[in-house]
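Let's take a walk through a protein model together, one part at a time. Have a look at the picture and keep it open while you read.

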Amino acid sequence: MADQEITLMKGNEAIAHAAIRCGCDGYFGYPITPQSEVLETLAEQKPWETTGMVVLQAESEVSSINMVYGGACTGKKVMTSSSSPGVSLMQEGISYMAGAELPALIVNVMRGGPGLGTIQPSQSDYFQACKGGGHGDYHLIVLAPASVQEMADFVDLAFTLAFRYRNPAMILADGAIGQMMEKVVLPPFKPRRTEEEIIKECPWATTGRIGGRKPNIITSLELRSEEMEVINLRIQAKYREIEAKEVRYEEFMLDDAEYAIVAFGSAARIAKKSIEIARSQGIKVGLLRPITLWPFPTEEVKALAGRVKGILSLEINAGQMVEDIRLAVEGKVPVRHFGRLGGIIPDPDEVVEVLKSSF
Amino acid sequence: MAKMKGATVVDTERCKGCNLCVVACPLDVLALTTKEVNRKGYNYAHEVLSDTCTGCASCATVCPDGCITVYRLKTE
Amino acid sequence: MTREEIIEKGQVVYKKPTLLNDTPMHYCPGCSHGVVHKLVSEVIEEMGMTDKTIAISPVGCAVFAYKYIDVDWQEAAHGRAPALASATKRLWPDRLVFTYQGDGDLACIGTAETIHALNRAENITIIFINNAIYGMTGGQMAPTTLLGMKTATCPYGREVSLHGYPLKITEIAATLDGTCYVTRQAVHTVAAINRAKKAIRKAFEYSMQGKGSNLVEIVSTCNSGWKMSPEKANKWMEENMFEFYHLGDLKDTGAVK
């Protein structure tokens with residue numbers, strides 16, 4: 001079957017192919033290392049000639065995200081991708097989309113910061129992705145892929161969740177996942193929605209007043225505080241629903257584990273190797289891999305705290321997710337963090353040494 | 001000889017008393033009230049020389065708030 | 001012939017366009033925005049595009065434009081309207097897509113979005129209200145504030161040594177290959193209003209004909225910010241603004257073809 005064909009490609013390329021295949025209507029982006037292959041692949045694939053998908057290189061990340069904002073207003077399936085410094089520039093538009101409750105996909109292929117930092121992989125945008133990032137009380141739905149296959153699979157999942165909740169979703173990858181080549185089975189082709197389908201599925205969208213309906217207005221503005229509080233409360237209620245229904249995670253060798261590593265994305269792959277090494281030395285350790293970083297698997301981490309003697313948060317940053325782990329654990333067991341900075345990926349052996357010395 | 005007779009109707013509650021219609025009228029048909037105000041507290045435009053109005057609609061064209069409707073009738 | 005008879009038997013020669021709804025507009029008395037809102041509404045109605053228009057409002061005095069003109073609206077972040085419009089038009093090519101922006105929004109914080117959307121030849125229209133001041137935030141200096149003009153942030157008058165020169169972004173737009181129709185109009189007299197309406201109509205038609213991007217600047221007053229009566233503000237505009245911001249078409253490549 002052509003659809004089930006196994007191919008070898010970069011994570012960034014997988015994002016592009018998956019976008020075309022899942023019926024994405026528009027991509028708006030700006031080049032930045034290490035994610036430029038997303039736009040390059042789309043330009044090379046010319047989906048405007050096949051599926052009719054719009055691909056546009058914007059003049060900046062500020063413009064890209066506002067193109068996504070405009071596109072999302074119209075009920076179309078739109079996305080952008082960037083890397084850390086570019087995603088910082090996008091925070092204004094992301095906040096507006098969260099406020100206006102618009103579905104869209106933002107891909108962040110993280111690199112090390114702060115500032116211009118490095119072009120090497122990092123996970124140091126966890127806070128930015130999961131705690132809002134821009135101004136105002138809001139959340140993105142954040143998916144953390146740990147393989148090229150998940151880069152491909154999460155595009156459709158992110159759009160599904162974004163439209164289900166009318167909320168922007170983010171794929172939070174890193175330079176390693178974006179640049180590495182792996183086997184991938186691309187998702188089957190799904191046609192782009194027709195105008196009729198969009199108007200039916202998104203009655204709120206600015207499609208023009210087709211059929212003489214009342215005007216649709218997309219805005220995040222409400223000057224009356226009483227009204228603005230009501231809007232905020234409604235959005236918060238939506239977040240509680242997402243937290244209750246959409247937590248995703250993977251467990252690895254946790255059944256008999258005395259210690260647990262919690263890690264996402266690239267760090268989770270390193271953790272698996274470390275667990276293999278540690279177990280060969282008689283240390284019973286397993287992995288909990290959050291797939292949704294927001295909503296965070298708080299209950300699962302809490303349950304873990306009742307079963308193990310210690311938890312290590314392995315992150316490619318100075319310690320960000322560890323705060324959510326500690327909130328979940330409520331002091332029941334020791335929680336340590338280990339990470340490397342500046343674009344350095346931790347070595348599995350050094351993780352084992354940290355495990356031994358931490359608990 | 002055919003003659004154009006006009007009439008203006010001002011939505012006095014919508015009027016903000018900017019006076020631009022008064023300035024635009026070539027025949028001094030309109031003026032702002034001097035004492036009466038609408039619910040928003042504005043003096044509003046009204047016809048003071050009804051007979052002279054030809055229905056040219058200058059007042060309505062320049063009105064920023066779309067307060068004025070103009071009617072015109074051809075008379076012999 | 002009584003007034004009542006004329007109203008009863010006569011024909012309506014002017015009334016507020018129905019697309020401009022009955023919500024009272026928040027603009028100051030005499031503000032040019034209201035006139036331009038009427039013109040935009042009239043043109044959309046006359047083109048029969050009410051159910052096929054998607055408009056984008058700015059941040060600035062016209063932020064609430066969506067409350068007054070009954071078409072679909074997207075409210076953009078400050079300066080970003082042309083980016084929203086670019087995507088919207090590309091995703092819905094048969095819709096009439098326009099932005100409505102002021103000088104602070106378009107010629108300052110949104111300069112990049114404006115220039116690039118215009119130069120990409122996006123088939124959109126940008127309505128640009130230039131009153132040389134930030135109205136909504138309380139009358140601060142804009143990129144288009146004239147030299148010597150006093151505002152809240154240049155209370156002694158705009159000076160080159162302190163603030164640089166006023167920006168003629170419409171002249172810049174006219175040099176861009178992507179623009180089709182670039183014009184500068186005003187709405188201070190009946191004749192000017194009629195010309196401005198024709199310009200908006202032409203820009204909207206070019207947008208729908210896919211001829212490239214269109215910019216309609218309306219040199220406007222801000223009587224509150226300028227601290228003048230609406231009538232005086234119009235006079236001041238004629239005497240000062242038009243000298244620097246010349247009225248008329250700067251470019252029209254749509255008609256030649």
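Two residues are said to be in contact if their C-beta atoms, placed from the backbone, lie within 7 Å. With that in hand, take chain A: among its contacts with a separation of 6 or more, 78% are between residues 24 or more positions apart.

A word on what you're looking at. This is a predicted model, in which local features need pLDDT of at least 70 and side-chain atom pairs count only at pLDDT 80 or more, while totals for chains, interfaces and linings use all residues. Residues are numbered from 1 along each chain as its sequence is written, and chains are lettered from A and ligands numbered from 1 in the order in which they are written.

Let's stay with chain A. You'll find 14 helices and 15 strands in it; here helices (H or I, at least four residues) and strands (E, at least two) are DSSP runs, numbered from the N terminus. Its C-alpha trace spans about 70 × 50 × 40 Å along the principal axes. How does the radius of gyration of chain A fit a compact globule? The radius is taken over C-alpha atoms, and the globule rule is 2.2 Å times the number of residues to the power 0.38. For 359 residues a compact globule would come out near 21 Å, and chain A has 21 Å, which agrees.

Where they touch, domain 1 of chain A puts in 25 residues and domain 2 of chain A puts in 21 residues. On the domain 1 side, α6 (126-130), β6 (141-143), β7 (168-174) and α8 (175-179) of chain A each supply at least two residues, and α6(A) gives the most, with four residues. That side of domain 1 has 16 nonpolar, seven polar and two charged residues. For this sorting, Ala, Val, Leu, Ile, Met, Phe, Trp, Tyr, Cys and Pro are nonpolar, Asp, Glu, Lys and Arg are charged, and the others, Gly among them, are polar.

Now for the neighbours. Of the two pairs of chains in contact, chains A and C share the most contacts. Their contact takes 32 residues from chain A and 29 residues from chain C. On the chain A side, α3(A) gives the most, with seven residues, and the residues of that side divide into 13 nonpolar, 14 polar and five charged. There's a strand link too: β9(A) and β3 (residues 72-75) of chain C run parallel, joined by two bridges, and strands pair if DSSP finds at least two bridges between them. Within β3(C), Trp73(C) is the bridge partner of Ile217(A).

And chain B? No contact joins it to chain A, and the closest C-alpha atoms of the two chains lie 20 Å apart. Chain B has two helices and four strands, in the order β-α-β-β-α-β from the N terminus on. Its radius of gyration is 12 Å, close to the 11 Å that the globule rule gives for 76 residues, so chain B is as compact as a globular protein of that length.
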